[in-house]
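Please look through the structure below slowly, keeping the sequence beside it as you read.

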Amino acid sequence: EHLWWALKRRMYKHYPQYNNLSQAEEEWDGFCEALKECWRSIPSKLIKRLITSMPRRLDACRRARGWQTKY
């Protein structure tokens, strides 16, 4: 979730023209390239931090018995 949020935030910031995507093939190709660029720009430090937080997140899910957690 947090990784997708980071990707979406980068897309909105750097490529606002794709906020309302049409069905045009050339626009779709540009969107895909922009998405790849934004994906590559996500810092590895963020990815590592999210990975190391997974045990804590899973534990919170277990303790909440499927209900909402702070994550």
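What follows is a walk through pairs of helices, then charged side chains, and then one arginine.

The model is predicted, and for that reason local features need pLDDT of at least 70 and side-chain atom pairs count only at pLDDT 80 or more, while totals for chains, interfaces and linings use all residues. Residues are numbered from 1 along each chain as its sequence is written, and side-chain values use heavy atoms, with hydrogens and water left out.

Two packed helices are described by the angle between their axes and the distance between the axes. Helices are DSSP runs of H or I with at least four residues, numbered from the N terminus, and their axes are lines fitted to C-alpha atoms over the stretch in contact, with angles running from 0 to 180 degrees between N-to-C directions. Helix 1, which covers residues 2-14, packs against helix 2 at an angle of about 120 degrees, and the two axes are 9 Å apart. That angle makes helix 1 oblique to helix 2, where oblique is the name for what remains once angles under 35 degrees are called roughly parallel, over 145 roughly antiparallel, and 65 to 115 roughly perpendicular. Contact between residues means heavy atoms within 4.5 Å, and in this pair L3, W4, L7, R10 and M11 of helix 1 meet F31, A34, L35, C38, W39 and S41 of helix 2.

A second pair is formed by helix 3 (residues 44-52) and helix 4, which pack at an angle of about 40 degrees with their axes 4 Å apart. Helix 3 and helix 4 are therefore also oblique to each other. Here L50, I51 and T52 in helix 3 meet M54, P55 and R57 in helix 4.

Next come the charged side chains. Side chains of opposite charge can pair when their charged atoms come close. A salt bridge is counted when a side-chain nitrogen of Lys or Arg lies within 4 Å of a carboxyl oxygen of Asp or Glu, and by this rule the count comes to three. How exposed the partners are is given by relative accessible area, with buried meaning under 20%, exposed over 50% and partly exposed in between (1.4 Å probe, protein chains only).

In helix 2 (residues 25-41), E33 and K36 are three residues apart, which separates them by about one helical turn, and they form a salt bridge whose closest N and O atoms are 3.6 Å apart. E33 is partly exposed at 46%, and K36 is partly exposed at 44%. The side chains of R40 and E37 also meet in a salt bridge, at 3.3 Å from N to O, and these two residues of helix 2 are again three residues apart, or about one helical turn. R40 counts as exposed at 55%, whereas E37 is partly exposed at 38%.

Helix 4 holds another such pair, since D59 and R63 are four residues apart there and so separated by about one helical turn. Their salt bridge has its closest N and O atoms 3.0 Å apart; D59 is partly exposed at 32%, and R63 is exposed at 59%.

Is R57, finally, buried or exposed? R57 lies in helix 4, residues 54-64, and R57 is buried because its relative accessible area is 16%.
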